[in-house]
Amino acid sequence: MPKELRHSDGTPFRDLNHNGTMEPYEDPRLPVEDRVEDLLGRMTLAEKAALMCHGRMVTGPDPRMPIPMPTGAELITGRGVTHFAMMAVPDARTMAEWNNHVQDLAAAGRLGIPVTLSSDPRHGFASNPATAHAGGGFSTGPEPVGLAATDDPELVEEYARLIGRELCAVGIRVAIHPMADLATEPRWARISGTFGEDPQRAARMIAAYIRGLQGESIGRNSVACMTKHFPGGGPQYRGEDSHFAAGRRLVYPGGAFEQHLIPFEAAFATGTAQIMPAYAIPSGSGLTEVGANFNRDVITGLLRERYGFDGVICTDFNAITGTEIPGVTTFPPRHWGVEELSVAEQVVLTLDAGADQLGGETDPGLILTAVRSGAVTEERIDASARRILRDKFRLGLFDDPYVDPDEAAGVVGAPAGRELGRAVQRRSLVHVAGRPVAGRRLYVEGIDPAVAARYGTVVESPEEADAAVVRLQAPYEQREGLLERHFHSGSLEFPEEEVRRLRALAATVPTAFAVYLDRPAVLTPLADRAALLIGEFGARDDVVLDAALGRTAMEGVLPFDLPSSMAAVEDAREDVPFDTAAPLFRCGHPRAPRPRTGEARA
């Protein structure tokens, strides 16, 4: 007999609904397909429509959120929505308790359909309310592009298993990652979330990452991957991000569309559970000139037919209605290429394209209206509901959606996990040029003086120092706007005044510059003055200091070319790997030979 499952308050699981009886869809002994069909036959059209909404959720007020927002729990009882992307998470215990709370709310519903919680990446250093979250006590490693810098698929798979264990412990069962986009446009703000510029290396790393999170097959210990942004979000026009109108187009001046499919092909081969299309229009690709979320050529033609993908396809968030925080602000929709259509027409177009879930949308009425108008059949809705339910069953959520808060507090950020994260940070560091610095009197910038004091005497000025260690952020242009200010876009060159200051510093004392390469910075002005140049992708201060002072080796390799100038970046084609003229350092440096593809502008 199956074990007796219980709610967070100790009452038997589903007793609130069924007085202890078990319907076929609730029976874990039956095949998933049979359980799906049994439940689907019991659902109303409104309940199916609610399955196709994937909203956002918070556990309560959090100072890390730029704006206040409702928790989202009211949507479970009020509208029957059962998919939510978690935003800021305060700590593991609170998150686990919140999972159990929302599962109780869902279990009290007519059919007791459990909640599926999802999340953007939250194991790195980047924090952007639209793309990634830091904090919450998770074991921190480098950003995904730093995983690519390790060039070690086995290590990446091991680290992804850790990510999966920690997410499962708190109830998060769908990862809205990895990003299978290629970093072919150096100005793009999302490069830190990619696995670099080389299609083949990105493919290897993404396969390892998905295996680590999902396992060999989707099961009760899996975190299902929603790989994004199909058909590849890297070739953004002039590097502008598709969250904003300036980035509404993907462009292919070099005819390299197929290159951007290679990492996704690795994801399909590894069994990624879900896919998220891109906001942007695949302009000049030969596909319909509308955003990928609305694009039948992309979703049905490529995903369903060419690749035979039958998993859940969830649109990128709020492509149709935007985001409104009542009384605070409104973010416009990212409905690129279909702006002239009504919301109802956009919903029909999205469903006709083949999408299963509307990311960010929480009103099932959008889907109900499409069916009642006659534009979409209930059979079409059934096809999506079937895929969505299948993942809930495969993940074991119908059998036991609860987690143990005590266990979560012990698993998340445990010493072994933190040490693995630090080990991956160390492995991702790239020895770009020069030699480690030495000395007992240290001048530091961008480093906690208390940490630096463990390595020597921290002094106030370069003139007093034997050596300097300076952490730098890759340059970017500060943008206006509540959301856009979180996206690092524009020029990759340091301002002239900053270049003069840094060169003067390096002339005063041997200086190690550690540059956070969330984008491929132009380091030409520093290369001939730095005693040591380190590329990093998210690392603790002591990890950087160990490398800068020669206590640990740096084994990472560049995951992209470092351009020699902004002129080279501006002349390059957005879609072609390795297309900047005469790069200062090449992808794979310092270990690998010249890249296998590209070279058109060498």
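Which residues point one way from strand 17, and which the other way? T511, F513 and V515 point one way, whereas A512, A514 and Y516 point the other way, and all are buried; buried means under 20% relative accessible area, with a 1.4 Å probe and protein chains only.

A note on conventions precedes the next selection. This is a predicted model, in which local features need pLDDT of at least 70 and side-chain atom pairs count only at pLDDT 80 or more, while totals for chains, interfaces and linings use all residues. Residues are numbered from 1 along each chain as its sequence is written, and side-chain values use heavy atoms, with hydrogens and water left out.

Strands are DSSP runs of E with at least two residues, and helices are runs of H or I with at least four, numbered from the N terminus.

Next, display the open sheet of eight strands, ordered 9-7-5-4-3-2-1-12 with parallel pairing. Its edges are strand 9 (312-313) and strand 12 (358-359), each of which pairs on one side only. Within the sheet, select strand 4 (residues 172-175) and strand 5 (residues 224-230), a parallel pair with two bridges. V174 has A224 in strand 5 as its bridge partner.

**The nonpolar cores.** A nonpolar core is a set of buried Ala, Val, Leu, Ile, Met, Phe, Trp, Tyr and Cys residues joined through side-chain atoms within 4.5 Å. The largest one has 117 residues, and L39, F230 and L389 touch the most other members. Helix 7 gives the most to this core, with ten residues. Centre the view on L389: leaving aside neighbours within four places in sequence, L389 is in contact (heavy atoms within 4.5 Å) with V36, L39, L40, M43, L51 and F398. Then move to a second, separate core of 34 residues, which includes A465, A474, V499 and F585.

Conventions: Pairing = 2+ DSSP bridges. Buried < 20%, exposed > 50% of the residue type's maximum accessible area, 1.4 Å probe, protein only.
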